[in-house]
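User: I'd like to go through this model with you. Can we start with the terms?
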Amino acid sequence: MPRFLEVAAIVVLAIDLVGVAVLIALVAAPRPSLGSSRLSGRWPTLQRRALTAFETFVHGLDGIRTPSHILPLLA
């Protein structure tokens with residue numbers, strides 16, 4: 001196996017692990033923390049759109065929070 005492929009696989013694995021950790025954090029504590037104080041002063045429309053997108057995304061994770069879905073998710 002070429003060395004550059006091993007390094008690429010490790011980088012992709014690290015990115016995946018960070019992504020899974022972020023999703024777990026959002027499922028555990030779905031509070032918006034997008035730096036809203038910075039956005040609200042400069043771009044209130046952008047802040048509203050970002051918060052709406054974030055809330056929609058977190059709402060999509062509601063199925064993961066359902067206790068009856070834990071076993072199928074782990075399997």
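Analyst: Start with burial. Buried means under 20% relative accessible area, exposed means over 50%, and partly exposed lies in between. Ile64 has a relative accessible area of 36%, so Ile64 is partly exposed. Keep in mind that this is a predicted model.

User: Which helix is Ile64 in?
Analyst: Ile64 sits in helix H4, residues 62–65.

User: What does Ile64 touch, leaving aside neighbours within four places in sequence?
Analyst: Val27 and Leu73.

User: How far apart are Ile64 and Val27, in sequence and in space?
Analyst: They are 37 residues apart in sequence. C-alpha to C-alpha, the distance is 7.2 Å.

User: Stay with Val27. Buried or exposed?
Analyst: Buried. Its relative accessible area is 17%, and the cut-off for buried is under 20%. Val27 belongs to helix H1, residues 3–28.

User: What are the contacts of Val27, leaving aside neighbours within four places in sequence?
Analyst: Val27 is in contact with Leu61, Ile64 and Arg65.

User: Which residues make up the largest nonpolar core?
Analyst: Five residues: Leu26, Val27, Phe54, Val58 and Leu61. The elements giving two or more residues to this core are H1 and helix H3, which spans 44–60. As a general point, nonpolar side chains in soluble globular proteins tend to be buried together.

User: And Val58, what does that touch, not counting residues up to four places away in sequence?
Analyst: Leu26, Pro30 and Arg65. Leu26 is also a member of the core.

User: Step back a bit. How many helices and strands does the chain have?
Analyst: Five helices and zero strands. From the N terminus on, the order is α-α-α-α-α.

User: How much of the chain counts as buried?
Analyst: Of the 75 residues, 9% do. The accessible surface of the chain is about 6,200 Å². Carbon and sulfur atoms account for 70% of that surface.

User: Why does Phe4 count as exposed?
Analyst: Because its relative accessibility is 60%, and exposed means over 50%.

User: Switching to charges. How many salt bridges does the structure hold?
Analyst: One. It joins the side chains of Glu6 and Arg3, with an N to O distance of 3.1 Å.

User: How are Glu6 and Arg3 placed in helix H1?
Analyst: They are three residues apart in helix H1, so about one helical turn separates them.

User: Last topic, confidence. What is the mean pLDDT of the chain?
Analyst: The mean is 81. Of the residues in the chain, 87% reach 70 or more.

User: Where is confidence lowest, and where is it highest?
Analyst: Helix H2, residues 36–42, is lowest, with a mean of 61. H1 is highest, at 92.

User: How should low pLDDT be treated?
Analyst: Where pLDDT is low, the predicted coordinates should not be read in detail.

Terms used:
Residues numbered from 1 in each chain as written. Predicted model: local features only at pLDDT ≥ 70, side-chain atom pairs only at ≥ 80, totals over all residues. Heavy atoms only, no water. Helix = DSSP H or I, 4+ residues; strand = E, 2+ residues; numbered from the N terminus. Buried < 20%, exposed > 50% of the residue type's maximum accessible area, 1.4 Å probe, protein only. Contact = heavy atoms within 4.5 Å. Core = buried A, V, L, I, M, F, W, Y, C linked by side-chain atoms within 4.5 Å. pLDDT = per-residue confidence, 0-100. Areas by Shrake-Rupley, 256 points an atom, 1.4 Å probe, with all protein chains shown as cover. Salt bridge = Lys/Arg side-chain N within 4 Å of Asp/Glu carboxyl O.
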